[in-house]
Each structure stands twice: as structure tokens, then as C-alpha cells.
Amino acid sequence: MVFNITCIPGDGIGPEIVKQAKLVLDRVAEKYGHTFNYKDILMGGASIDVHGIPLTDEAIADAKAADAVLMGSIGGDTNTSPWYKLEPSKRPEAGLLKIRKELGLFANLRPALLYKELADACVLKKETSDQGFDLIIVRELTGGLYFGKRETVTENGIRKATDTLTYDENEIRRVAIKAFDIASKRRKKVTSVDKANVLDSSRLWRQVVNEVSKDYPDITLEHMLVDNCAMQLVKDPAQFDVVLTENMFGDILSDEASMITGSIGMLASASLNETKFGLYEPSHGSAPDIAGKDIANPIATILSAAMMLRFSLDLSKEADDIEAAVKKALADGYRTGDIYTEGMKKCSCSEMGRIITENI
Ligand code: NAD
């Protein structure tokens, strides 16, 4: 089959890690007889340097025309880069916000998986990390508190700020459907996280999620309050399969879930729209401190490419192959600097890419 993939190498380590992901994809294409046509576009600082803005209309059109978008990361050193002397709407991150909006990406997926080979990096108690965990947070990305009406006023000499948290049932339903669809390809459990004991928006969230669950009789649904979920993630993460939640709760919980794995260079992510289209990127940033040194960990980007095959291109077997190749590289003792421990085989970004490619 032939697929068109728009790539955003971006800034910092972005070009190095996307290059490795493309090599892995090319090996998959060779093995299974597919063709991946890549088109690179500029975004973030790389686009500012050429076009003066972080994302052009032509780049957006190229992204929309593709079957999926694979991204490295964007942005520079926020203290020293000239990009951060520009007004906020012209800075690198404005490109990311714009592309998410233009592509209608309302569901953000962040897997948090503890590889047994990296259990030492896990910050949890040994008896908890020994059990391992493999969960995915599905976060609503375009509604809720971050997009509600807000204002700051001074009344009778007292400053007062207001943010509003609004969801309509359609916004809740479409992200809930994504979560149930994903659970049906995994261990068939959805934990919907809300604050229904206090918030009206959470009570509506719970009602709509219950309605959606009726179409998925083989999926177990449980509801959990967000404060309890924050505790359960550090106490017993193995209980979770798919965690479904609204924008702000998801922002906080997905960072917590990432951190308990202890290795930022390993964490993939995806943002999806109503169709199968999605933007796939590592959870980490552009790491300007190590850019150009060939020492970055490319695994988060390679695993993001695997998610792209699974969720946007319907190539689950090929995605399984990439994930197995990553596990084998770890089991064989290969480690980039960020996940290196004594006795392991230290390798560069490009060596790690080659080793994973050869494992496919
Ligand atoms: P960061 O994730 O880039 O780096 C944090 C630390 O983790 C650094 O020490 C870095 O060297 C290390 N690190 C990150 N990824 C790594 C990898 N693959 N391999 C090895 N080490 C890795 O976060 P930051 O320093 O806060 O941000 C740097 C820039 O990235 C900023 O401009 C920020 O705005 C941007 N950023 C972009 C995205 C994105 O593109 N979606 C996300 C987060 C941050």
C-alpha cells in the first residue's frame, strides 16, 4: 500500500530523531511491500528562520493533504534563542497550537509504559515497578478550561480573575468514542476520570461516557475522581488500561504518568481528529542542550511512528513489529545516554536507530 506522510523535523534534536524514525519506517515498508512517501515541512524555529513565521499556510496544506503527520519537536532554548524575543504569536510554539487547531486534533493520546529492562529508572517503589504497567491517557484537547471565556477585572480595588470550564455533549462523546475504540484494541478497560462530586461539567461528562459505553458491551468502564486517580497512578498504575479525561485533568495526569516511567526519551504521543488522521510526536521537547551531538534517544519518535501505523494507517502488525524491535534493542542491552546504566552498551542516536531497524 502507498501512504503519504508529512514530516516536521522541527528544531533542536528534532531532525536527528525523525531521521531515525524514517529509517525504521523504510525497513517496515521494505518488509511488508508498502511505500511511504515523505514530504518535509518547516515548523517552529526552522520556519521562523526561513519565513519569519512559525507555520505557513502552504505547510498547513501539506499537512492536511497527508495520511498522517510525523513530528520531531520544535522550540529552542527559551532563555537564549532569538525566537523568544518575538511576540508570542510569532514564537515556535504558536506553530504547534496553530497546526493542532487547523487539523482539528481533539484527542491526545499519551501511552506510559514501563519496560522491564528500564525498571530501575522508575521512580515508584520496587514492589510497584516490579509489576510493570502499560496504560494510555486519552485527553480531550480542544475544550474545557483552557478554551473557555476568561477575564481579569478589578472590582472595588480587588483584582478578580475568572476562567470558565464548558463542555457540550458532542465534545465529550467524540473523545469518549476514541477511548473506547482504543480500549477495544487493548485490554478492554476504560477508566473515566472526572470531578463529578463537585463540577457540573464532570456530571455531564459521566452521563455521556455512560451512554457511549452502551455501544461497547465488552469494555469494562469505571469512573474515578481525579484526586484519587492522581494517587492511584503512583500507588498502583498496573490497574489502568485506558484513562479517559478532560483537558486540564489530562494535562496534569499525563505528565504524572510520563514521569513515573522515569525516561522521557521513551514516551510517544499522538493527537487525533474525527477521522483516522493524526499528528504523532514524542512527548519530550527539542532538547537544545544536546542538539547536533547524535546522543538523543530516538525511541519516543520511533514509537510515535508505530502509533501512526496503528491508529492512522491501520497497520497493526507493522506497528507490533516496531515495538518488538525496540524491546529487543533494550533486552540486548543497548542504551542511549539518557537511559544508560552501568554494564549496558552505550550507543548514539544513529546507532540506536540502526539497531532497531536491523531488528525488524
Ligand atoms: P525537553 O523535553 O526538550 O528537555 C528536557 C530534558 O530532557 C533536557 O535535559 C533534554 O536534554 C532531555 N531530553 C529530552 N528529550 C530527550 C531525548 N530524546 N533524548 C535524550 N534526552 C532528552 O524540555 P525543555 O528543555 O523544557 O524544552 C526545550 C524546548 O522544547 C523548549 O523550546 C520547549 O518549548 C520545547 N518543547 C517542545 C515540545 C513540542 O515540540 N511538542 C514539547 C515540550 C517542549
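Predicted model: local features only at pLDDT ≥ 70, side-chain atom pairs only at ≥ 80, totals over all residues.
**A chat about the model**

Reader: OK, and where in the chain is N297?

Author: N297 sits in the loop between β12 (278–282) and α10 (299–311).

Reader: Which side chains does the N297 side chain join by a polar contact?

Author: One is the side chain of T336, at 3.4 Å. Another is the side chain of D338, with a polar contact of 3.1 Å.

Reader: And which residues does N297 touch, leaving out those up to four places away in sequence?

Author: On that count, N297 touches I17, G265, M266, H284, T336, D338 and I339. So T336 and D338, the polar contact partners, turn up in the list of residues touched as well.

Reader: Let's follow I17, then. Where does I17 lie, and is I17 buried or exposed?

Author: I17 lies in helix α1, which covers residues 14–32. I17 counts as buried, at 0% relative accessibility.

Reader: What is I17 in contact with, apart from its neighbours within four places in sequence?

Author: The contacts of I17 are G72, P282, H284, A296, N297, P298, T301 and C349. H284 is among the residues that N297 touches, too.

Reader: How far is I17 from R110?

Author: They are 93 residues apart in sequence, and their C-alpha atoms are 18 Å apart in space.

Reader: What about Q20, is that residue buried or exposed, and where is its place?

Author: Q20 is in helix α1. Its relative accessible area is 4%, so Q20 is buried.

Reader: And the contacts of Q20?

Author: Setting aside neighbours within four places in sequence, Q20 is in contact with P298, I302, C349, S350, G353 and R354. P298 and C349 are also among the contacts of I17.

Reader: Changing topic: how many aromatic pairs does a search of the whole structure find?

Author: Three aromatic pairs are found. One of them is formed by F3 and F36, which are tilted, with 5.9 Å centre to centre and 35° between the planes. This pair links distant parts of the chain, since F3 is in strand β1 (residues 2–10) and F36 is in strand β2 (residues 35–40), 33 residues apart. Both F3 and F36 are buried.

Reader: Can you describe another pair for me?

Author: Y167 and W205 form an edge-to-face pair, 5.6 Å centre to centre with 70° between the planes. Here too, distant parts of the chain are linked: Y167 is in the loop between β7 (158–163) and α6 (169–184), and W205 is in helix α7 (residues 200–213), 38 residues apart. Both Y167 and W205 are buried.

Reader: Which residues have a positive phi although they are not a glycine?

Author: N156 is one, with a phi of about 50°. N156 is in the loop between β6 (150–155) and β7, and with a relative accessible area of 81% N156 is exposed. D294 is another, with a positive phi of about 60°. At 28% relative accessibility, D294 counts as partly exposed.

Reader: Let's zoom out. How many helices and strands does the protein have?

Author: The protein has twelve helices and 14 strands.

Reader: And what is its radius of gyration?

Author: The radius of gyration is 21 Å, which agrees with the value near 21 Å for a compact globule of 360 residues. The C-alpha atoms fill a box of roughly 60 × 50 × 40 Å along the principal axes.

Reader: How much of the protein do buried residues make up?

Author: Buried residues make up 52% of the 360 residues. The accessible surface comes to about 16300 Å², and 52% of that surface belongs to carbon and sulfur atoms.

Terms used. Residues numbered from 1 in each chain as written. Heavy atoms only, no water. Helix = DSSP H or I, 4+ residues; strand = E, 2+ residues; numbered from the N terminus. Polar contact = N/O pair within 3.5 Å; in protein donor to acceptor, adjacent residues only side chain to side chain. Contact = heavy atoms within 4.5 Å. Phe/Tyr/Trp six-rings, centres within 6.5 Å; stacked < 30°, edge-to-face > 60°. Buried < 20%, exposed > 50% of the residue type's maximum accessible area, 1.4 Å probe, protein only. Rg over C-alpha atoms; globule rule 2.2 N^0.38 Å. Areas by Shrake-Rupley, 256 points an atom, 1.4 Å probe, with all protein chains shown as cover.
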